[in-house]
Structures are given as C-alpha cells and as structure tokens.
Amino acid sequence: MISDNTTRLTFAAQVRLTGEGLVLREWTDADLPVMAELFDDRDIAYWTPLASPFDAAAARAYLARARQARADGMSLRLAITADGALPLGEVLLFRKNPDDPAVSLGYTVGSAHRGQRLGSRALRLLTDYAHHDLGLPRVTLGIATENAASISVARSAGYHPTDEPPLDVVTKGRPRAIRTWAHDCRD
C-alpha cells in the first residue's frame with residue numbers, strides 16, 4: 001500500500017504470494033549460494049544491471065541492498081519458486097527514485113529454468129499484488145527494444161507498449177533503447 005501521499009511503499013512484514021503454480025517469497029540468507037548460481041549467467045549479465053561475475057560476495061551485497069531498499073519502501077524482491085523452496089529466478093517491484101511515484105516491475109529466470117513460463121507467471125502474480133494489495137492503478141516495465149525474450153514475457157503477462165518514445169541509456173558501457181510497457185488495473 002502506498003503510504004501518506006509519499007512515494008514510500010508499505011509492505012507486510014513478510015510477503016509470500018501464491019498462484020499461477022508458483023510461490024513467490026522473500027530471499028533468505030540460506031538462498032545466497034543459489035542466488036549466485038542463478039545470477040552468474042551471461043544473459044542476465046547482458047540484459048540487467050546485476051554485477052558480473054555474480055559470486056558469493058555479490059550475492060551478499062545484493063541481498064543487503066535489497067533488504068535496505070525494502071526497509072526504505074523502495075523495492076520488494078521475491079524469489080520465484082515452484083513450492084516455496086528452491087529459487088528459480090526473481091521478480092521485483094521497485095521505484096526508480098524516491099521522488100517519482102511510478103512503480104516498475106522486473107524479472108529474471110535462471111538459465112536452467114527457462115522455457116517453463118516462470119517469468120510470465122511470476123510477473124502476472126506480482127502485477128496482481130501491485131494492483132490489488134498495494135492499490136497501484138498502473139505498473140510498468142522497462143525493456144530493451146531488442147530483448148525479444150523479455151518482450152514475449154511482458155506480452156504474455158498482459159502488458160502493452162506505451163506511446164512514450166524509447167529512452168536511450170547506457171548500461172555496462174552498451175547503449176540501449178528502453179521501451180516502457182504498462183499494465184493498468186482493470187477492476
């Protein structure tokens with residue numbers, strides 16, 4: 001839920017979402033080795049701002065930043081699991097900066113778990129949470145125009161490209177055109 005006309009998001013003490021044949025849960029210290037294994041991937045390094053290589057130290061730093069951002073009401077990062085146990089990827093909800101009320105979502109799936117529609121199922125589940133539990137009428141994605149796999153996930157989850165022109169950015173020294181995709185609450 002959005003709190004007091006500010007851009008801070010307020011989450012329950014523990015967030016655990018079930019549906020779409022998945023359990024989305026918060027990361028734990030016990031997940032650090034799996035997190036390093038999932039995120040130390042060439043495709044993830046190419047398409048995301050995550051550290052590369054993504055080793056045990058990167059996993060610890062990432063989890064510490066994720067916990068601080070959650071406490072600050074800026075983001076929520078959930079492990080994608082089939083049953084609440086082994087993480088298969090991540091889905092996240094975040095504000096880009098504290099002065100902007102817009103909320104974006106993101107996702108990544110470990111290479112060994114791709115092809116099971118985990119990204120689109122997790123994205124639909126988190127989108128529903130954003131609309132109905134947090135009361136957000138619109139959530140967005142920022143997707144590189146050449147990232148066909150991520151575009152497919154967005155479409156499958158009911159997102160549509162907005163009329164906004166793509167934003168030119170440089171990530172890890174590579175120029176990219178990032179298009180905004182949106183999902184609007186329909187009820």
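pLDDT is the predictor's confidence in each residue, on a scale from 0 to 100. The structure described here is a predicted model. Its protein chain has an average pLDDT of 91. A score of at least 70 is reached by 96% of the residues. Among the elements of the chain, helix α2 (residues 42-47) has the lowest confidence, with a mean of 86. Strand β2 has the highest, at 98. Over residues 1-5 the pLDDT stays under 50. For this stretch the model has 12 contacts beyond four places in sequence.

The largest nonpolar core holds 34 residues. Within this core, L93, L105, L141 and Y159 touch the most other members. At least two core residues come from each of β2 (22-26), β3 (75-81), β4, β5 (104-109), α4 (118-132), β6 (138-144) and α5 (148-156). Helix α4 gives the most, with 7 residues. A second core is separate and has 15 residues. Its members include L32, F39, A59 and A79.

L93 lies in strand β4 (residues 87-94). Its relative accessible area is 0%, and this value falls under the 20% cut-off, so L93 counts as buried. Beyond its neighbours within four places in sequence, L93 is in contact with L9, F11, M74, S75, L76, V103, S104, L105, L126, A130 and L134. One of these partners, L105, is also among the core members with the most contacts to other members. R8 is 85 residues from L93 in sequence. The C-alpha atoms of L93 and R8 are 12 Å apart in space.

Helix α1 (residues 32-39) was considered together with its surroundings. Of its 8 residues, 6 are buried, so α1 is largely enclosed by the rest of the structure. The buried positions are L32, V34, M35, A36, L38 and F39. They pack against α2, α3, β4 and β5.

The packing of α1 on helix α3 (residues 56-71) was then described by geometry. The two helices meet at an angle of about 110°, and their axes are 8 Å apart. An angle from 65 to 115 degrees counts as roughly perpendicular, and α1 and α3 are therefore roughly perpendicular to each other. On the α1 side, the contact is made by L32, M35, A36 and F39. On the α3 side, A56, A59, R60, Y62 and L63 take part. The contact residues comprise 8 nonpolar, no polar and 1 charged. L32 and F39 of α1 and A59 of α3 also belong to the second core.

Two further buried sites were examined. H131 is located in helix α4. With a relative accessible area of 6%, H131 is buried.

G84 sits in the loop between β3 and β4. Its relative accessible area is 18%. Buried means under 20%, so G84 is classed as buried. V23 is 61 residues away along the chain, yet the C-alpha atoms of G84 and V23 are separated by 5.2 Å. Leaving aside neighbours within four places in sequence, the contacts of G84 are R16, V23 and R25.

Note on methods. Residues are numbered from 1 along each chain as its sequence is written. This is a predicted model: local features need pLDDT of at least 70, side-chain atom pairs count only at pLDDT 80 or more; totals for chains, interfaces and linings use all residues. Side-chain values use heavy atoms; hydrogens and water are left out. Axes are lines fitted to C-alpha atoms, for helices over the stretch in contact, and angles run from 0 to 180 degrees between N-to-C directions. Helices (H or I, at least four residues) and strands (E, at least two) are DSSP runs, numbered from the N terminus. Angles under 35 degrees count as roughly parallel, over 145 as roughly antiparallel, 65 to 115 as roughly perpendicular and the rest as oblique. Contact means heavy atoms within 4.5 Å. Ala, Val, Leu, Ile, Met, Phe, Trp, Tyr, Cys and Pro count as nonpolar, Asp, Glu, Lys and Arg as charged, and the others, Gly among them, as polar. Buried means under 20% relative accessible area, exposed over 50%, partly exposed in between (1.4 Å probe, protein chains only). A nonpolar core is a set of buried Ala, Val, Leu, Ile, Met, Phe, Trp, Tyr and Cys residues joined through side-chain atoms within 4.5 Å.
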